[in-house]
Amino acid sequence: MDNHCHGIQQSQAFRDITSWRQAFTESADPRMPREHVATTSFYRRLVRRLAEFLDCEPDEESVFTARTKKDGRELAGELLRAANVEVLLLDMGFPPSEDVVTVPELGQIGGCRAQPMLRLETLMEDLLTENDSLEEVREVLAAVLDDVRDQGYVALKSIAAYRTGLDIQEWPREEAEESFHEYKRAVEAGSARLVHKPLLDTLLHVAFAQASRQEIPVQFHVGYGDADTDLLLGNPLYLRRVLQRPDYRGMPVVLLHECYPYTRQGGYLAAVYENAYLDLSYGIPLLGYNEMLSFTRAALGVAPSSKLMYSSDGIGVPELHWISALDGRCVFGQALGELVSYGELTLTEAEAVGESMLRENATRLYGL
Ligand SMILES: [Zn+2]
C-alpha cells in the first residue's frame, strides 16, 4: 500500500538526459540537473537498479537510451507492476491533472487500485474565487467537505507547510476578514495563490472540524520539499496546537515524508498523540540508502509501529514509485532484522510489523 503518491505524466518522453534528471531533484535551478543531480547517491542507485531492470549497461547513457525506446505507458506499467503495490493513494493536486494519467487509468496501467485524495488548498482557492465573502466561503467549504468519502476521496491533504507554515493558528474574525480582502485584491492582480496566513488558517479549521466529525485522515506535507517550502516552518512540532485540540481527536493526522529531516520530532508526535501517524516515504526525499535506513531506525525507535505507513511520494515518472517500493521493502527488512538481533522483536513479530507498515496500518486507517 502506497499511502501517498502523485500522478504520472502522460508523456514520458524526455528530450535529453538533463531533462530526465529534472525528475530526480526538488530544485528548480536548471544548473542542478546539468551539473549536480547525477552525483547524488539516490541517482547513482537509481541508474544501477534501472540498468538491471532494463537489461542494459549500468551507465546513465545506456539506461536513458533503453528507457527512451519504450512506450511511456508500457514503461509505467512494467515499473508499477514490478513495484508490486496493491493500492496507490493519489494526491492529484500536483502535477496539474491535465498533465497526468487519470486515477482509473493509472490503476489500469499499474494493475492496482488507485484512489484519490482531496487537496484542501486547491479547493479553497477555487471557492475563494467563486464567492464574495469569507462567511460564504466558510459555509460552502463546510458543505463541500460534508461527506468526503461519499465523493470518492479516502483522505484530505494539506500543503500549508508550502504556503504559510505548520503553526496553524486561530485568528480573530477581523484579521481573517482583512486577510480575505487582501486575497481578493491579489486575485484581481492576477495571483490566486493562497499564501494569506489568517485566511488559510481559518479555512483549515473549517476542514479540520469536518475531518474530525467524519474521522477522515488529513495528510500534511511535512519537511523536505522544493525551495518553495520554508523548512523552518515545516517542523511538525508546530502542529501541537492542532493536535492538542480535544475536538480534533477524531481526525487522524498523517505526517508525510517522515517529516525529513524532522523524523525524530514526527516519531515523537506519533508516540504522544493517539491520532498522529508517521508516513515513511522512500522515493522522495531523494536520499542515499544509509540515510533511508537511518530515518527508518529512528521512526521504529520512537513511534509505535502501528502508527507507521509506507509510501513513495512518487511523482511524474514511474521510476520513483518503483524504486521506492524496492528500497522501502529492503530497508524495512534490514531495520526490523536489527530489532530481532537486539531481542526487541521475535522473527515472527518482525514479519508482522513489516506487514503492518507496508499494508495493514494504512488499510485500517483509510478504511480500505
Ligand atoms: Zn507528495
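Helices here are DSSP runs of H or I with at least four residues, and strands are runs of E with at least two, both numbered from the N terminus. By this scheme, helix α5 is followed by Asn-84, whose phi is positive, near 55°.

The model is predicted: local features need pLDDT of at least 70, side-chain atom pairs count only at pLDDT 80 or more, and totals for chains, interfaces and linings use all residues. Residues are numbered from 1 along each chain as its sequence is written, and side-chain values use heavy atoms, with hydrogens and water left out.

**Helix α5**

The expected span of a helix is 1.5 Å times one less than its number of residues. For the twelve residues of α5 (residues 72-83) this gives 16 Å, which agrees with the 16 Å between the end C-alpha atoms.

Buried means under 20% relative accessible area, exposed over 50%, and partly exposed in between (1.4 Å probe, protein chains only). In α5 the buried residues are Gly-72, Leu-75, Ala-76, Gly-77, Leu-79, Leu-80 and Ala-83. They pack against α3 (41-54), α4 (60-69), α6 (103-110) and α15 (318-341), contact meaning heavy atoms within 4.5 Å.

**Aromatic rings and charges**

Rings of Phe, Tyr and Trp (its six-membered ring) pair if their centres lie within 6.5 Å; planes under 30 degrees apart count as stacked, over 60 as edge-to-face and the rest as tilted. The count comes to twelve aromatic pairs. In one of them, Trp-20 and Phe-64 have ring centres 5.9 Å apart and planes at 45°, so the pair is tilted. Trp-20 belongs to helix α1 (residues 17-21) and Phe-64 to helix α4, so the pair ties together parts 44 residues apart in sequence. Both residues, Trp-20 and Phe-64, are buried. Ring pairs also join Trp-20, Phe-24, Phe-42, Tyr-43 and Phe-64 into a cluster.

A charge sits over a ring if NZ of Lys or CZ of Arg is within 6 Å of the ring centre and within 35 degrees of the ring normal.

| Charged residue | Ring | Distance to ring centre |
|---|---|---|
| Arg-245 | Tyr-248 | 4.2 Å |
| Lys-307 | Tyr-277 | 5.2 Å |

**Cysteines**

The structure holds zero disulfides, a disulfide being a pair of cysteine sulfur atoms within 2.5 Å. For Cys-112, the nearest cysteine sulfur, that of Cys-5, is 8.3 Å away. Cys-112 is buried at 15% relative accessible area, whereas Cys-330 is partly exposed at 38%.
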